[in-house]
Amino acid sequence: MKYKLSSIFVAGLLWLSNIGLAQAALTIEITQGVEGALPIAIVPFGWQGSPGSQPPVDVAAIISADLQRSGRFKALPLADMLASPHEGSEINFRDWRLLNVESLVVGRVIWSGSSYIVQFQLFDVFRSSSLIGYSIRSTAGGMRLTAHQISDLIYEKMIGVPGAFSTRIAYVTEIRSTAGTHQYSLQVADADGYNPQPVLNSSRPLMSPSWSPDGKRLAYVSFESNRPAIYLQEVDTGVREMVSSFTGLNGAPAWSPSGKQLALVLSRTGNPELYIMDIEQRSLRQITRNYAIDTEPVWYPDGSALIFTSDRGGTPQLYKVTLANSKTKRLTFEGRYNSRASFAPDGNSIAFVHEEDGAFRIALMDLATGGLQVLTDSRLDESPSFAPNGSMVIYATENKGKGVLSAVSVDGRVKQRLALQVGDAREPAWSPYTGSQ
Amino acid sequence: MKVSNKLLLMAVPMAFLAACGTTKTMQSEPMVEPEPVEQQVEAPVAVEQPVVAVVTPVEMDAGFNGHPLDDPDSLLSQRVVYFDFDKSDISDQAREIIAAHAGYLGDHPSARITLEGHADERGSREYNMGLGERRANAVRQFLMLQGAAARQIEVISYGEERPAAFGHDEASWALNRRAEILYKNR
């Protein structure tokens, strides 16, 4: 099954306003879907309001694309719909049953004079009953987000876990000119690849974006001073501060679950070691002391331990260090290269880079059993990052010579690819739930 | 090979001259025996003559007119050494290049270099930052064993962020697993 969601319209708008932004737009392509996805129909939403106040986006189309992209739903094509109900009383359930649709979403957008009200209801077609219904206040600029929030609610009702459609992804792009110059950019886009915004542009490398647990700030590595240094930046305001620029490496920042500490890597003693920085005090505590490369720390969700990459055993493998007693334990034994872990939100499993037969792939390991499952099948996969609902892992890979982002469901059955029109994309970091906007 | 042999012949007298210079300043009794110094200076000049006669004018110009670091026939013109995957061992070929630079740095105490460590794109990026640094440090250590001073060397790792070749195959990867010697001050 191949389903392409074209962002030509959005890209076109961006092209008119800013060429740089247009180049940064992502195109999403579902490369592998699930057999037996839930058949659902999302009817185009009705509209009530004065002339000229039409909603700026097609809410139903965004919801449909979200659900389809998850691989868990199969949306009925518009052309197959026999009617366009906007509320429960207008629905003839028998018609929808004939189309083998199991779930139906109807709604309308109402212009209230100063803002929009988006109403929707989700129906079980075979029981002819309403499952959920909401009325959400929105604005012209916030309409896409409102649509994503509706997708989240539908996904949660049908699948049992919250959706992650209203979250964001941060990633690094690089555009190389024929003259040999490089333009690096740290970008933040909606989880569906729309609305990419540069957080920082630089002519020198940018690396390792990491979200604060409240989803408001990013930590990253910038070479702007000619050497790697770690910065913290508020995404919405752009306000930033440099927190680490010691001699040698300053890398792999990872926010603690409390948001008060930062795990990071410094090589000021001569080789890379893990440290924990108290962000407010700027005090440092050294965690590892080993001649090997110790790097890429991630926090256990309870903040009690770190998982990190170390080649102390000869090749890169994953280890756990318990912060209370510094006890260290090797976690991976299968394969000669296992590195850069990302924690599942529930803390039960990790995704990481795993080499097999010379190919670097994303693997998933159950921490309780040690069971390892390889999720991807290309050869240059790296930088896995879990969706905040644990359903998918986004990662960087190579496709036709370009750096692209891909996402794979944790059962390996659904795959999607996010490609830039120009340049390479890499190092995706999926934001946590932010609660608010 | 022919060219480098000639160069070696020319390099010997130059090294002699340099050595004489240092002996002169370091020895406490230069006034007692000034003669051997003069003899040593003369001897290489005598050796040099036939060599000059053999070398063609073009090659002589290339060998003598430029800065020694720019001499395309000298090991000093080679500033990149390569490594195996996930390794920082210095090959025999790299050893020769590094030794030449160590000699230059030892002879030119005001010279300063940046050692850039790099990795190929495979594996994870921050690990590759560590790997790039380890490679640069391996070169640094060898330079220092051969006479360079710590203050002359700055190490920086770019990991896989600054590839020299942009392909996604072994040919490009081999070119990217490298350490580069960059002179900031000659």
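**Close-up views of a predicted two-chain model**

**View 1. Strand 1 meets strand 4 in chain B.** Strand 1 of chain B pairs with strand 4 (residues 178-185) of chain B over 3 bridges, in the antiparallel sense. B:Tyr82 stands opposite B:Arg178, a residue of strand 4 of chain B. The model shown here is predicted.

**View 2. An open sheet of 4 strands in chain B.** The strands of this chain B sheet follow the order 1-4-2-3. Their pairing is mixed. At the edges lie strand 1 (80-82) and strand 3 (153-159) of chain B, and each pairs on one side only. Ignoring direction, neighbouring strands of the sheet are turned by 20 degrees against each other on average.

**View 3. Helix 5 of chain B on the sheet.** Helix 5 (residues 125-145) of chain B packs on the sheet. The helix touches strand 1, strand 2 (112-118), strand 3 and strand 4 of chain B. Its direction makes about 155 degrees with that of strand 3 of chain B.

**View 4. The contact of chain A with chain B.** Chain A gives 28 residues to the contact, and chain B gives 19 residues. Five strands of chain A each supply at least two residues of the side that touches chain B: strand 12 (206-211), strand 16 (250-255), strand 20 (294-299), strand 24 (338-343) and strand 28 (382-386). By class, this side of chain A has 12 nonpolar, 10 polar and 6 charged residues.

**View 5. Confidence along chain A.** The mean pLDDT of chain A is 91. Of its residues, 93% reach 70 or more. Over residues 1-23 of chain A, the pLDDT is below 50. This stretch has 29 contacts in the model beyond near neighbours in sequence.

Definitions and conventions: Residues numbered from 1 in each chain as written. Chains lettered and ligands numbered in written order. Predicted model: local features only at pLDDT ≥ 70, side-chain atom pairs only at ≥ 80, totals over all residues. Pairing = 2+ DSSP bridges. Axes fitted to C-alpha atoms, helices over the stretch in contact; angles between N-to-C directions. Contact = placed C-beta atoms within 7 Å. pLDDT = per-residue confidence, 0-100. Nonpolar A, V, L, I, M, F, W, Y, C, P; charged D, E, K, R; others polar.
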